Amino acid sequence: MPSYICITCGTQHAESDAPPDQCATCEDPRQYVGLSGQKWTTIDALAETHEVALNQEEPGLVSVEVRPAFGITQRALLVLHPQGNVLWDCVPLVDEGALEAIGDLGGISAIAISHPHFYTSFVEWSVAFGGVPVYLHQADAAHVRRPDSCVTYWAGDTYPLVDGVTLVRTGGHFEGSALLHWAGGADGKGVLLASDTVKVGWDRKSVSVMRSYPNLIPVGPSALGQVDVLLAPLAYDRIYGAWPGHHIVEGAREVVRGSFERYRAQITS
Ligand SMILES: [Zn+2]
Ligand SMILES: [Zn+2]
């Protein structure tokens, strides 16, 4: 039986004979059903029209994208690490080219996903690399549409995956929304792989946190404060956002401080 993938959001659902009636992730107030209604595909159908492309972003970091664009244009980032490579977030397709290229880089030891909008084809990615664990935050367990034994729930605010690579749950967008702190990135100044937990603005010189980005639902002062508190102890100079090119190349701590100050002023005035 196929595991259907929602064309609008890319979420993969549990195996079923026929497509599900609806995509609960798109029905959630944070997302939306596409203008042409609910539509589905499968990973096999996707493989006929799309491919996975890899690109080195900086030493030790490789981006993984599906081309042409699909879903919410999810992309993943592979952190190369001597204790085992970590795939941050996930994309809807895994193909032979990706398997071979990532295999040459040492494979994948763990997959960790920021939040439910990236809960796509993680079972296929896990299986392709030997059944590696997929770390999802416990607080978002109700949003997992394809439960599987590869899923390893973590709880609390931080979780070290390998030395210098740590999951940090800030909440905000989703209760379990997380980012990945990579201490060795940016020549040792530190990097945040922020997904849209802390979203890089289109200007690439600001960030924001929203409960819903497409439906324009902001977070309140306490949720913003929680993100601020959890980022405060981290050393970082660079942020890679959820989408290609959405990066803050340097001075990211200052950008976060200034952006949160501006945000706070907007929502409390
Ligand atoms: Zn959907
Ligand atoms: Zn999202």
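His117 is buried, with a relative accessible area of 5% (buried means under 20%, exposed over 50% and partly exposed in between, with a 1.4 Å probe and protein chains only). The model is predicted: local features need pLDDT of at least 70 and side-chain atom pairs count only at pLDDT 80 or more, while totals for chains, interfaces and linings use all residues. Residues are numbered from 1 along each chain as its sequence is written, chains are lettered from A and ligands numbered from 1 in the order in which they are written, and side-chain values use heavy atoms, leaving out hydrogens and water.

**Exercise 1.** Find the residues that coordinate the zinc ion (ligand 2), then describe their arrangement.

*Solution.* 
- Step 1: look for donors (N, O and S atoms within 2.8 Å of the metal, or 3.2 Å for Na, K and Ca; water is not among the atoms, so sites may look incomplete).
- Step 2: read their spacing along the chain, H-x1-H-x55-H-x22-D.
- Step 3: check the angles. The four donor atoms subtend 97 to 147 degrees, which makes the arrangement irregular (four donors are tetrahedral if all angles lie between 85 and 135 degrees; four are square planar and six octahedral if opposite donors are over 155 degrees apart and all others between 65 and 115; anything else is irregular).
- Step 4: check burial. His115 is buried, with a relative accessible area of 0%.

**Exercise 2.** Now try the zinc ion (ligand 1): which residues are its protein donors, and is the site tetrahedral or irregular?

*Solution.* 
- Step 1: the donors are the SG atoms of Cys6, Cys9, Cys23 and Cys26, 2.3 to 2.4 Å from the ion.
- Step 2: along the chain they follow C-x2-C-x13-C-x2-C.
- Step 3: the angles among the four donor atoms run from 102 to 119 degrees, and the site is tetrahedral.
- Step 4: Cys23 and Cys26 are both buried.

**Exercise 3.** Look at the backbone: what is the peptide bond from Arg67 to Pro68, and where is Asp187 found?

*Solution.* 
- Step 1: the bond from Arg67 to Pro68 is cis, with omega near -10 degrees. Pro68 sits in the loop between strand E5 (61-67) and strand E6 (75-79) (helices, H or I of at least four residues, and strands, E of at least two, are DSSP runs numbered from the N terminus).
- Step 2: Asp187 is in the loop between strand E13 (178-182) and strand E14 (191-195). Asp187 is not a glycine, yet its phi is positive, about 55 degrees.
- Step 3: Asp187 is exposed, with a relative accessible area of 76%.

**Exercise 4.** Which residues touch the most other members of the largest nonpolar core, and how are the rings of Trp125 and Phe129 placed?

*Solution.* 
- Step 1: this core (buried Ala, Val, Leu, Ile, Met, Phe, Trp, Tyr and Cys joined through side-chain atoms within 4.5 Å) has 35 residues, and Ile108, Ile113, Phe122 and Trp125 touch the most other members.
- Step 2: the ring centres of Trp125 and Phe129 are 6.0 Å apart and their planes at 10 degrees, so the pair is stacked (rings of Phe, Tyr and Trp, its six-membered ring, pair if centres lie within 6.5 Å; planes under 30 degrees apart are stacked, over 60 edge-to-face, the rest tilted).
- Step 3: Trp125 is buried at 0% relative accessible area, and Phe129 is buried at 13%.
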